[in-house]
Amino acid sequence: MKIRSDFILPELKYKRILLKVSGEALAGDAHRGLDFTIVNELCKSIKTCVDMGVQIGLVIGAGNFWRGVKDGADKMQRSHADSMGMLGTVMNAIAVADALNRHGMDARVLSAVEMNKFAEYFTRDLAERYLNEGKVVLFAAGTGNPYFSTDTGAVLRGVEIEADAVLMAKNVDAIYSADPAKDPTAVRYSRLTYGEVLAKNLKATDITAMALAMDNDMTMVCFGLNEENSIVRVVRGEEIGTTVKKSFLRRNTQ
């Protein structure tokens with residue numbers, strides 16, 4: 001994810017994006033908490049995009065602190081476990097907003113759950129105003145409801161702010177037919193339709209997020225956060241990772 005000074009690509013393809021970053025990706029080798037080397041590299045990439053004129057909404061997962069479904073499974077009531085996950089996203093958003101400010105950007109945290117001492121309460125109009133003012137807007141606390149993942153929350157916010165695309169920055173560099181770490185024969189896809197993702201039951205995001213994106217004709221790009229210049233390359237039009245749309249003019253799914 002390091003930025004090269006000689007990095008040159010064509011004009012912007014996406015001028016307003018919803019960027020989703022997994023919490024695990026920010027934890028580094030420790031797999032828990034925050035690795036600020038990674039956080040700072042993320043901020044450098046975001047600043048490069050902001051300086052190019054990209055408007056950025058940002059959602060960060062909470063897997064580096066708590067995953068409601070995984071960590072709370074069979075141990076506590078699901079709604080309570082998911083509430084803890086929402087709080088984890090607020091913690092991540094506050095930390096990354098602080099880092100963004102240190103890199104010279106104006107960042108605001110908007111929470112789906114009211115917590116006025118820590119974040120502003122989300123409304124679509126407030127988010128729109130901040131984006132148009134050039135601020136990076138961090139959307140925290142998911143959808144504000146249990147049983148919804150942060151991927152679904154990211155797509156929802158992307159639809160609400162009328163983003164050109166939802167960018168899913170993950171630990172894996174694309175969508176595969178199986179887990180490439182476990183199956184060396186897994187097929188890597190560069191383009192998929194939403195229908196294909198759902199029909200093949202591909203584990204790119206949860207089904208609710210995919211269906212919401214499909215229903216609203218939202219372009220989604222799934223790629224590796226740690227690839228060099230990955231975020232910048234996507235917004236400038238380079239086809240890395242996997243692009244998911246309702247349909248493509250040319251068929252090229254692998």
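Predicted model: local features only at pLDDT ≥ 70, side-chain atom pairs only at ≥ 80, totals over all residues.

**Cysteines, then a helix pair**

I searched the whole structure for disulfides and got zero.

My cut-off for a disulfide is sulfur atoms within 2.5 Å.

I then checked Cys222, which is in no disulfide either. Its nearest cysteine sulfur belongs to Cys49, at 17 Å.

Buried or exposed, I wondered about Cys222? Cys222 comes out buried, at 3% relative accessible area. I ran Cys49 too, and Cys49 is buried with a relative accessible area of 0%.

On to the helices. I took helix 1, residues 36-51, and helix 3, residues 78-102. Their axes come within 9 Å and cross at roughly 60°. Angles from 65 to 115 degrees would count as roughly perpendicular, so I logged helix 1 and helix 3 as oblique to each other. For handedness, I noted that helix 1 passes helix 3 in a right-handed crossing.

Which residues make the contact? From helix 1 I listed Val39, Asn40, Cys43 and Ile46; helix 3 brings in Val96, Ala99 and Leu100. Sorting this contact by class, I got six nonpolar residues, one polar and no charged ones.

Methods. Residues numbered from 1 in each chain as written. Heavy atoms only, no water. Axes fitted to C-alpha atoms, helices over the stretch in contact; angles between N-to-C directions. Helix = DSSP H or I, 4+ residues; strand = E, 2+ residues; numbered from the N terminus. Parallel < 35°, antiparallel > 145°, perpendicular 65-115°, else oblique. Left-handed = near helix turned anticlockwise from the far one by under 90°. Contact = heavy atoms within 4.5 Å. Nonpolar A, V, L, I, M, F, W, Y, C, P; charged D, E, K, R; others polar. Buried < 20%, exposed > 50% of the residue type's maximum accessible area, 1.4 Å probe, protein only.
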